[in-house]
Amino acid sequence: MILKGIGSSMGGAMAALAFPQTAWPQTALPPRLKQGDTVGLIAPASSDDQPAHLEAAQETVRGMGLVPKVGRHASDIWGYFSGTDKDRADDIHAMFADDSVRAIFAIRGGWGSARLLPLLDWDLIRAHPKLLVGSSDVTALHLAIAARTGFASIHGPNVSNRWEAISWNSLWQLAFTGETPLLGAVSPEDTAQDRWRITTIHPGKARGRLLGGNLSVLTSLVGTPWLPDFTGAILFIEDVGEAEYRIDRMMSQLALSGLLGKLSGVIFGQCMRCSANVPDYAGFTVPDVLGQYLKPLGVPAFSGANIGHIANQLSLPVGAHVEMDADAGTIRVLQRIVS
């Protein structure tokens, strides 16, 4: 874990809100985090039989200046899950209901969060707004929260992953200081070291509700009642370990379902190890596939954002209103997401 510059470069007045706090139905914002707060650690998906990993996750939280409270079933093993579906859902309920817990961090992803959606008490969750932080399979929970509650969540590293400067600083701005930051600006150093390069697919700026996450998880929820309304939304997606044709298949599903046609903008992050890895491969590349689906939409779109299964991924406010700039490759948050 690398936690650099706590509070550094965080100065400056908050940007004026371009949308009122009632831009989507809500009764309250999640509480702002502060050093010394207790946060819940949950394992809503895959199991891990290495106790050292859980201890390392707790040390990461302590390094943030927070106090970890581990879910009762976070170390359970049921098949390939961290406990039964009911037990994992109960851990989520317990963290939302506990007034001493100020936010909730997912320990890891894997698979299994979607199985919990019908079991969750959404009235309880709406009544106790708290930030959920995590990514990958946790996308299912982020999207359901966006569909069923009036508050935002944070797509960022799972707590067992590395928290480097960009991940931490963007979390700090969103969750601790309640800022409305400009996210994703690529420095000359980043470009020189080829960490990520922004590619404009269609130029321009767009505003909308930021929704998305892992492409595989998102497409698995198409046709279910757990997706929020994507009309006018800014879609962000990423994936890992998917060959080009599978990215094509998932983008086709989003197009055929009508979801792509509703968007005001699209941001594609990183697709790690997304190659068929076949000698003399002559098929479409991932950029080819993205161009085929996104250019005809005629809305601002770019790829190469530091979003996904990478070090130094951005922490992003799922459900908040943002402005994207497809030429600069940036995301400007237009609403604070904490009280």
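1. Helix H8 passes helix H9 in a right-handed crossing. Here a crossing is right-handed if the near helix is turned clockwise from the far one by less than a right angle, and left-handed if anticlockwise. The model is predicted: local features need pLDDT of at least 70, side-chain atom pairs count only at pLDDT 80 or more, and totals for chains, interfaces and linings use all residues. Residues are numbered from 1 along each chain as its sequence is written, and side-chain values use heavy atoms, with hydrogens and water left out.

2. Overall make-up. The protein chain comes to nine helices and 14 strands. These are DSSP runs numbered from the N terminus (helices: H or I, at least four residues; strands: E, at least two). Of the 339 residues in the chain, 57% are buried. The cut-offs are relative accessible areas: under 20% is buried, over 50% is exposed, and partly exposed falls in between (1.4 Å probe, protein chains only).

3. Contact range. Take the contacts between residues at least 6 apart in sequence: 81% of them join residues at least 24 apart. Contact means heavy atoms within 4.5 Å.

4. Geometry of the helix pair. H8 covers residues 244–256 and H9 covers residues 286–294; they pack at an angle of about 15°, and their axes are 9 Å apart. That makes H8 roughly parallel to H9. Under 35 degrees counts as roughly parallel, over 145 as roughly antiparallel, 65 to 115 as roughly perpendicular, and the rest as oblique. Axes are lines fitted to C-alpha atoms, for helices over the stretch in contact; angles run from 0 to 180 degrees between N-to-C directions.

5. Residues at the H8–H9 contact. H8 brings Glu244, Ile247, Asp248, Met251, Ser252 and Ala255. They meet Val286, Val289, Leu290, Tyr293 and Leu294 in H9. The set divides into eight nonpolar, one polar and two charged. Nonpolar here is Ala, Val, Leu, Ile, Met, Phe, Trp, Tyr, Cys and Pro; charged is Asp, Glu, Lys and Arg; the others, Gly among them, are polar.

6. Surroundings of H9. Val286, Val289, Leu290, Gly291, Tyr293 and Leu294 are buried in this helix. What do the buried residues of H9 pack against? Their partners are strand S7 (199–202), H8, S10 and strand S11 (301–303).

7. Disulfide. The structure holds one. It joins Cys271 to Cys274, with S to S at 2.1 Å; the cut-off for a pair of cysteine sulfur atoms is within 2.5 Å. The torsion about the S-S bond of Cys271 and Cys274 is about -75°, so the disulfide is left-handed. Both cysteines, Cys271 and Cys274, are buried.

8. Arg273. This residue lies in the loop between S10 and H9. Phi of Arg273 is near 55°, a positive value in a residue other than glycine. Is Arg273 buried or exposed? Its relative accessibility is 66%, so Arg273 counts as exposed.

9. Ser136. Here too is a positive phi, of about 65°, although Ser136 is not a glycine. The residue is in the loop between strand S4 (131–134) and helix H4 (139–148). Ser136 is buried, with 14% relative accessible area.

10. Lys262. The loop between H8 and strand S10 (265–272) holds this residue. Lys262 is partly exposed at 42% relative accessible area. Beyond residues up to four places away in sequence, Lys262 touches Phe230, Thr231, Gly232 and Ala233. Asp229 is 33 residues from Lys262 in sequence; C-alpha to C-alpha, the two are 9.0 Å apart.

11. Pro203. Its place is the loop between S7 and strand S8 (205–214). Relative accessible area is 47%, so Pro203 is partly exposed. Neighbours within four places in sequence aside, Pro203 is in contact with Pro300, Ala326 and Asp327.

12. Leu334. This residue is in the segment after strand S14 (330–333). At 5% relative accessible area, Leu334 is buried. Leu334 and Arg209 are 125 residues apart along the chain, and their C-alpha atoms are separated by 9.7 Å.

13. Gln50. The loop between strand S1 (38–42) and helix H1 (51–63) contains Gln50. Gln50 counts as partly exposed at 40% relative accessibility. Its C-alpha atom and that of Ser75, 25 residues apart along the chain, are separated by 8.8 Å.
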